[in-house]
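Here are my notes for a first look through this model. Have the sequence and the 3D view open while you read.

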Amino acid sequence: MVSSSKPTSTSTASTTELAECGWRVEVVNRPDGTTEYIKIPLTAAEFLHPKEGYRLPNSTFHDDIAGNAKDILTRRYAQTPDVGVFRDLIVEWDIPDLGDHCPDTFVAFGLVNRERNRSKFIVANEGVRPSLIVEVVSPRYRKQDRETKVVEYARARVNEYVIIDQRTYRGQELEEVLGYRLVGGYYQPITPDEEGRILCQTVGIWIGLKDGQLVMEDAQTGEPLKTSLELETENQALETENQALEAAKAQVEQQASEMAALLARYRERFGDLPV
């Protein structure tokens, strides 16, 4: 989303329509001196080329996938200061007549100052452009995510574009990961493997979906790349296991100490044990 602000507002659009379309806020000054904030559903063009303050459509699936992608990629490049991973940040291209985009997640290499606060990623100022863009399909704008952006991101010279989609078809929930790679100035589809995963060469990662969850794996080592929450959960489980082992060790040592004390008392009364 471009903005998370929630001004007091009234709207003629239904809550469902606003959730599916996203919205922008229009300020109306009334003759009586009052101000009204009206939520206006986004058009397809406004979704495709949003401005600061627009609220883009979202869902728990969308939020989880985009958030986990950023989390995993951020940790992957945590020790590489010239690589930035950004989410919901407007990109201003250096190409005439190409409108701004707001990718769900993108990776840019060769940054001069990764930690600088940015309200917009201005390609002309950065001197680099996104190398990988990951978009989670918004159902109301599936054509824009799956078709229009394929053309526009190729024009913007983004090396790889990955699309993650979840939809219902004839009563069945389908999961799909699509990928495109820039070859000779044009996008060529990336053929998925037998598990439906896409190999992203820009970051050296296999990307897929399994049971509605994002799956990333290091392409060289085959190691699963985990989110911060997954790592925290694993660490907590390991800590619990270590605590249990320490408790068991302490119990064994206590039992050994008690047996040694019993043996000492026996020897005091009866002498050494018979051989």
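1. How many bridges pair β3 and β5, and in which sense do the two strands run? They pair in the antiparallel sense over five bridges, with β3 covering residues 83–87. One of the facing pairs is arginine 87 opposite threonine 105 in β5. A word on terms: two strands pair if DSSP finds at least two bridges between them, and the elements are DSSP runs numbered from the N terminus, helices being H or I of at least four residues and strands E of at least two.

2. Before going further, some ground rules. This is a predicted model, so local features need pLDDT of at least 70 and side-chain atom pairs count only at pLDDT 80 or more, while totals for chains, interfaces and linings use all residues. Residues are numbered from 1 along each chain as its sequence is written, and side-chain values use heavy atoms, with hydrogens and water left out. As for the pLDDT, which is the predictor's confidence in each residue from 0 to 100, the protein averages 89, and 93% of the residues score at least 70. Be careful with residues 4–9, where the pLDDT is below 50. Beyond near neighbours in sequence, that stretch has nine contacts in the model, a contact being heavy atoms within 4.5 Å.

3. Now the sheet that β3 and β5 belong to. It is an open sheet of six strands in the order β3-β5-β7-β8-β9-β10, with mixed pairing. β3 and β10 stand at the edges with a single partner strand each, so one side of each has no neighbour in the sheet. From one strand to the next the twist averages 20°; axes here are lines fitted to C-alpha atoms, for helices over the stretch in contact, and angles run from 0 to 180 degrees between N-to-C directions.

4. Follow β5 (residues 105–109) to its other partner. Four bridges join β5 to β7 (residues 130–136), and these two run antiparallel; alanine 108 faces proline 130 there. Four of the five residues in β5 are buried, meaning under 20% relative accessible area, with exposed over 50% and partly exposed in between (1.4 Å probe, protein chains only). On the next step across, β7 and β8 (residues 160–169) run parallel and share five bridges, and isoleucine 133 stands opposite tyrosine 161.

5. Which helices pack on this sheet? α3 touches β3, β5, β7 and β8, and its direction makes about 170° with that of β3. Helix α5 (residues 142–155) lies across β7, β8, β9 and β10, running at about 170° to β8.

6. Valine 85 sits in the strand itself and is buried at 11% relative accessibility. Setting aside neighbours within four places in sequence, its contacts include Lys70, Leu73, Thr105 and Phe106. Leucine 89 is in the loop between β3 and β4 and is also buried, at 9%. Among the residues leucine 89 touches are His101, Cys102, Phe106 and Phe121.

7. There is another sheet to look at. This one is open, with four strands in the order β11-β12-β13-β14 and antiparallel pairing. Its edges are β11 (198–200) and β14 (224–225), each with a single partner strand, so one side of each is left without a neighbour in the sheet. β13 (residues 213–218) pairs with β14 over two bridges, and glutamate 217 has proline 224 as its bridge partner. Helix α3 (residues 60–76) packs here, touching β12, β13 and β14, at about 20° to β13.

8. Between β10 and β11, find aspartate 193 in the loop. Aspartate 193 is buried, with a relative accessible area of 15%.

9. Last, the cysteines. Counting a disulfide as a pair of cysteine sulfur atoms within 2.5 Å, the total is zero. The sulfur of cysteine 21 is 17 Å from the closest cysteine sulfur, in cysteine 102, which is too far for a bond. Cysteine 21 is buried at 4% relative accessibility. For cysteine 200, the nearest cysteine sulfur is that of cysteine 102, 19 Å away, and cysteine 200 is buried at 0%.
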